[in-house]
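Me: I would like to learn how to read salt bridges in a model. Please take me through them one by one.

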Amino acid sequence: MRYFLSTATLFSWSLLFSSLSVSAQDKCATIAVQQQLLYNDPTLAQRIQQAKDEAAAYRLAHPFAEKTGTIITIPVVVHVVHNGEPIDSGTNISEEQIRSQIEVLNEDYRRFNADTVNTPSVFKSVAADIEVHFCLAERDPEGNVTNGIDRIDGNRLTWTQTQVDNTLKPGSIWDREYYLNIWTVKFGGASASLLGYAIQPGNNADIDGVVIGYQYFGRVGNLQPPFNLGRTTTHEVGHWLGLNHPWSATNDPGTSSCADDDGIADTPNSEFGNYGCPSFPHISCGNGPNGDMFMNYMDYTNDACLNMFTSGQKSVMLSTLQTSRSNIQISGVCTWQWPVGIKEYTMAKDYAIAYDAAQQEMLIMEKAENTEVEQIAIFSMTGQAVGTGRMYGKSLRMPLADAASGLYLVKVFAKEASFSKKVMVTH
């Protein structure tokens, strides 16, 4: 059995916050870390609540259909923290292991995972394709080509959660507005039994992201059963996108009760987190005849027993991606395949605009494909039209090989409001 970090234990607050120490195996410390951050920063609660309120307001105004027809791509950078070992040795995990984790995320978030057949029939009607795709970043924060893997010699073998958040993250994080940062580490000391944790929306920018024990990351490599199928990362990314555990938004399994749940209607209220691989149904909190949704990725069961998100969870995650994490889907570091020479672009409304000098083209990108057709026009500063086009998808390239170098005005005639942006063209 695994035990999980508690935010209301018999330990003192100071002991909990200084060590986050528990016994046995902890899958997820997200809630305990959140409570620690709230304790240390009295202003944080308001920011977290604001992120929740914005996402809830967006859901109310924009109900999500079962299929939105738009796939949101999230660029990922994996910071592999090692102690000087060669690649594919110890904590310096292989690229194959890293890519296997991206594959798991894409399968689980698109419901392409082979074990969907294990979803009980009573829950299949609410099982959802989240329509989110993950990719390893192809541009670093300086605009240079990258494979999305940042190897860091941390000059130490093990890390506690406090050391990760106080020292490691601030010195290595890539801008959280444009990347999902994931660190793989070997947990030690007070955090030795930890599998992973995430920072939820609304928190400080210099610690944002997900941290996973290296032996629980991916599904190939030196992994530790029964958490060797990549579902720890699936779970923690769910937290990063605004999800809570099915039994509670604030408490761990040891202090939960039937009076508290995750606030999502189609995840049955359950009293505690589930462990191992329960037999269906497992009833608690009067939720019979179907019982707990212990196969939900946000529960605590073994990797092999997890296989679904729900439509309600999809709504929460997509609304988070349209509010507090909206910039990440228009980052251009892998979603739009920016050419090597482009290191800067300008933002206007929901669009990014850049000039590709190598191809002599203007690029106009939209963060989420609009159902309306946008008219695009480029004017010289004297008012002469040098190019026009219509955007039917998420991007448009407009040739400018015949235009002289200088400042141009890009005008977008959008459904909600038209706008203009000045962009320099240099041949």
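Reply: Start with a network: salt bridges link Arg-176, Glu-177, Asp-208 and Arg-325. A salt bridge here is a side-chain nitrogen of Lys or Arg within 4 Å of a carboxyl oxygen of Asp or Glu. This is a predicted model, in which local features need pLDDT of at least 70, side-chain atom pairs count only at pLDDT 80 or more, and totals for chains, interfaces and linings use all residues. Residues are numbered from 1 along each chain as its sequence is written, and side-chain values use heavy atoms, with hydrogens and water left out.

Me: By this rule, how many salt bridges does the count come to?

Reply: The count is 14 salt bridges.

Me: Which parts of the chain does the pair Arg-231 and Asp-115 link?

Reply: Helices (H or I, at least four residues) and strands (E, at least two) are DSSP runs, numbered from the N terminus. The closest N and O atoms of Arg-231 and Asp-115 are 3.1 Å apart. Arg-231 is in helix H6, while Asp-115 is in the loop between H4 and strand S3 (132-136), 116 residues apart.

Me: Is Arg-231 buried or exposed?

Reply: Buried means under 20% relative accessible area, exposed over 50%, and partly exposed in between (1.4 Å probe, protein chains only). Arg-231 has 4% relative accessibility, so Arg-231 counts as buried. Asp-115, at 15%, is buried too.

Me: Which residue forms a salt bridge with Glu-131?

Reply: Lys-314 does, with the closest N and O atoms 2.8 Å apart. Lys-314 lies in helix H7 (residues 311-321) and Glu-131 in the loop between H4 and S3, so the pair ties together parts 183 residues apart in sequence. Both Lys-314 and Glu-131 are buried.
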